[in-house]
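Dear colleague,

I am handing over the structure below for your records.

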Amino acid sequence: MMKYFNPFVLPFVLGTLVLLGICVFKYIRWYMAFDRVQRSKVKKNILSWKFLPAIWEAVLECLFHRKVFRRNLVLGYMHSSIAFGWFLLILVGAIEAEVCIQGSKPFWVAIFYRFFVHEHPTAVSVVFANIMDALLLIVLSGVLLAVIKMVYSKIVGMRRVTKHVLFDRFAKFSLWFIFPLRLLAESYTAAYYGNGGFMTQALGNLFTPIYHEYVEIALWTMYSICLAVFFVSMPFSRYMHIFTEPFLIFFRRMGVTEGDEPTGFTKYELSACSRCGICIDNCPMDKQLGVQGVQSVYLLRDIRYKRGTEEVANQCLMCQRCSSDCPVGLDLMTVRRQVRTKESNIDAYGNYSYTDNIQAFNSVGRVVYFGGCMSHLTPGITEAMMKIFDAVDQKYWYMDKDRTICCGRPLLQQGFLKQAKDLRLKNQSMIIKSKAKLLVTSCPICYQSFTKEYNLPIKVMHHTEYINELIKSGRLKLRKDDLKVVYHDPCELGRGCGIYDEPREVLKSVSNLVKAKDEKEKSICCGFNLGSTVLTMEQQTKVRDAAVESLMYKNPDLIATACPMCKKAFNHATTLQVKDIAEVVAENIIDNGQLTMNN
Amino acid sequence: MKKIAIIGAGPAGIESASILAKDNEVLLFEKSTAVLSNIIDKAYLFPDFSSASEIADKLNSKLINDNITLMLNKEVVDIVKNDSEWKVVDKDGKNYFVSAVLITTGYQIFDARRKEELGYGIYKGVVTSIDMERMIRYNQVVNSINETPKRVVFLQCVGSRDEKSGNRYCSKLCCVTAVKQAIEVRKLLPEAEIYIFYMDLRMWGQHFEELYRESQEKYDIRFVRGRISEASSTFDRKIQIKAEDTLLGVPMKMTADLLVLMVGMEASCGTKDLGVKCGIGGEYGFVKTATPHLCDNETTEQGLFVAGSCKRPMTINDVINDARSAACVISDYLK
């Protein structure tokens, strides 16, 4: 055993123990802070088939960084060359030690292998030495890219990089130094013993004339200290994401989700954020408004370090653009909402006694139609829906025609959880009592609420889905004209609920659909998302104008959208016609009655 | 004789043309096929209920002048400074060289369909103040099913003082117009209930305040301070409105036969377009004058003048006064 000991390994050994100790302590404590629902999900699914895809996902995301590669090849290479490269260095190093050293040995031998093993007993070990050199070269290339990125981020396709706190920068530099120091130490040893691979030996040969034992020990000591510094700072810096992301992937696969209040799971999410800053570039707050320091990366950091966050949390459109970009797939909107949470006992605003008089309507065989508060401000949409229901002879109950109860989501977005819940319960009981089998809504905000925040026993459809089904089943006959129409993806319907194709299919069947510059996940918010609380009108219109510009890309004749909010926003921005899909469809209905009369 | 180009044959263009034509040759360009298109459909003008058509006729007769060349259906697409002269380019690409240019391209009304929550263009019972003027003129104040309305509701500030529609300014003349129209409706429909929903009533002109008082005392017009947030249709095709009475502090619902939207004034397309092309574009697309007090007809460009509601919302009397002052300033400039 003493054969493989030198005092310089102590920092590394201690650092490793501290790292593991802190991580185990934190992970257990966070898990203990899961709420009842979250914990029951884990217990139920911990030994199920859901584990297998989680392993594959963890490999794809944590090692290969698939989503980062998708974003930008160079950025993907930078991340995975360091992460996956280092992982391989450790793995191959361990195998090398296992293969080349007989008998028992301490675990640090693999890390300081060249220092302890000076000869190449077999050809295999020569191969190992060269493989290790190649891996180190890959990691070094990643570090070089990271250094270049710091001054010229365009090389990895990023407009802006995260402004890190001092401690993160300290951790980052300690990480960067590990690999050049390893190269130097290994080369220096190779200079005397000739045990290096192609790179360390070549460099070592240059050192041969100046070799001195003390220098060798000093270099290895520095390497060991650097490792220790990084390990000890890791649990407190952004590099905690390295270990946390796999945990998060497993929990997510087990069905654990964020709740209204922060729990231990939120801690996992906060620590899984690598602060890569990918969320910054396309954030309308930054890109269109130049407001910095409020993006998800900063919010999560501030929450984690318990800095003042409410102001940052409010500076957001909740357009979910960052959620769709996040390589870790964090639930950024819910985390932000948790910070927005206000006191729940504001009675004046939570007085819903008026809803007591609103009663359900027996709707057996009918569709329940929920226009939504915003659709009441765009009556063109609700009128068009009435026309469509009539055209297909579908009886309906217009649930919120006269006495409106909000779906609750706007309150939820602002952090009024209790009030939102009251409204949800009222609507929910009315919907259940109506005995209908299908709920159709015209508002993506309500749609997201009904599908995600309610627990409804009946099917819920946005009207674009419903119309699409009517067209496919042949119930609704439409004429197609060659009007050039561009479709704007509303945040709540697209990024929020993943509905991208149905609206496009509907539009294709009535018009000539053209592309916008930024589409689907990349669509720009109309600027008037209900999630924004503190943005000024000027700011909102700036975002809106950027969205319109993107929509004008192919010079369309008409802007179609599927959200009353977006429609209202665009109506004031352009002389072009702005219509909801329901209106475009209603105008193109081939009336069966007319057909038979003509015949 | 010097040549002057005047762009826009509304009250401002015609009035200034008639004065300038005494000593100069005036080329009067008009985009549409008729002059005075903004007055033509009006019934009576506040504050004295004089007939709009009479005033239009009198203005029209001023065009009978050998020194005025009226060119209808001739849109001006560009105005370029050419040494001491100005080059005016029409839509057919023809150039006219003149010593001075007067822009009188005026306003257009706010498109009420942009405030979709008020239901204009969707429900027949929702009309604009312009539609109302026509209804009064031809004595056809009816609801969506051609019946005599029992309740008529006017809503002020549609597209004015409204941040969301992008117009923060006050259109200035809607307040008194609503009062005037309400009185006219009362004269036509003695039995009807008439309401005016307002934010503030700005009775700034001579006789306006008296008219407002009279409307309450003599004509039983009811005023409610508050905005209407949305309009919808009832089963019998009436208009249901949701509003807030901000003096009582209560939300309210009301069913009306006719909802009249007092639409504001915006810079016309021609005003916006020429303003930008000549480098005198100002706030909200209106043109900008050199200084607000002493040089309110001049622009930063020598020889380029402006008059009328292309500068800001104005009443007809203000427009005519402004046109006369522009004529005076231009005469001085050409001396």
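Chain B is divided into domain 1 (3-106 + 268-334) and domain 2 (112-265), the bounds coming from an automatic or database domain assignment. The C-alpha centres of these two domains of chain B lie 31 Å apart. Across the boundary, 10 residues of domain 1 of chain B are in contact with 20 residues of domain 2 of chain B, two residues being in contact if their C-beta atoms, placed from the backbone, lie within 7 Å. On the side of domain 1 of chain B that touches domain 2 of chain B, the residues divide into 6 nonpolar, 2 polar and 2 charged. Here Ala, Val, Leu, Ile, Met, Phe, Trp, Tyr, Cys and Pro count as nonpolar, Asp, Glu, Lys and Arg as charged, and the others, Gly among them, as polar.

Please note that this is a predicted model, in which local features need pLDDT of at least 70 and side-chain atom pairs count only at pLDDT 80 or more, while totals for chains, interfaces and linings use all residues. Residues are numbered from 1 along each chain as its sequence is written, and chains are lettered from A and ligands numbered from 1 in the order in which they are written.

As to chain B as a whole, its secondary structure comes to 7 helices and 20 strands; these are DSSP runs numbered from the N terminus, helices being H or I of at least four residues and strands E of at least two. The radius of gyration of chain B is 21 Å, close to the 20 Å that the globule rule gives for 335 residues, so chain B is as compact as a globular protein of that length. That radius is taken over C-alpha atoms, and the globule rule is 2.2 Å times the number of residues to the power 0.38. Along the principal axes, the C-alpha atoms of chain B fill a box of roughly 65 × 35 × 35 Å. Of the 335 residues of chain B, 45% count as buried, that is, with 20 or more other C-beta atoms within 10 Å of their own, C-beta atoms being placed from the backbone.

Chain A has its own domain assignment: domain 1 (11-242), domain 2 (277-340), domain 3 (357-469) and domain 4 (479-587). The C-alpha centres of domain 3 and domain 4 of chain A are separated by 22 Å, and their contact takes 27 residues from domain 3 of chain A and 25 residues from domain 4 of chain A. On the domain 3 side of that contact, α20(A) gives the most, with 6 residues. The residues of this side divide into 12 nonpolar, 13 polar and 2 charged.

Two helical features of chain A also deserve a record. Helix α1 (residues 9-32) and helix α12 (residues 264-272) of chain A pack at an angle of about 140 degrees, with their axes 6 Å apart. The axes are lines fitted to C-alpha atoms over the stretch in contact, and angles run from 0 to 180 degrees between N-to-C directions. That makes α1(A) oblique to α12(A), since angles under 35 degrees count as roughly parallel, over 145 as roughly antiparallel, 65 to 115 as roughly perpendicular and the rest as oblique. In this packing, W30(A), Y31(A) and M32(A) meet G264(A), K267(A) and Y268(A).

Helix α18 (residues 332-340) of chain A is mostly covered, with 7 of its 9 residues buried. Among the buried residues of α18(A) are L332(A), M333(A) and V335(A).

Definitions and conventions
Buried ≥ 20, exposed ≤ 12 C-beta atoms within 10 Å, placed from the backbone.
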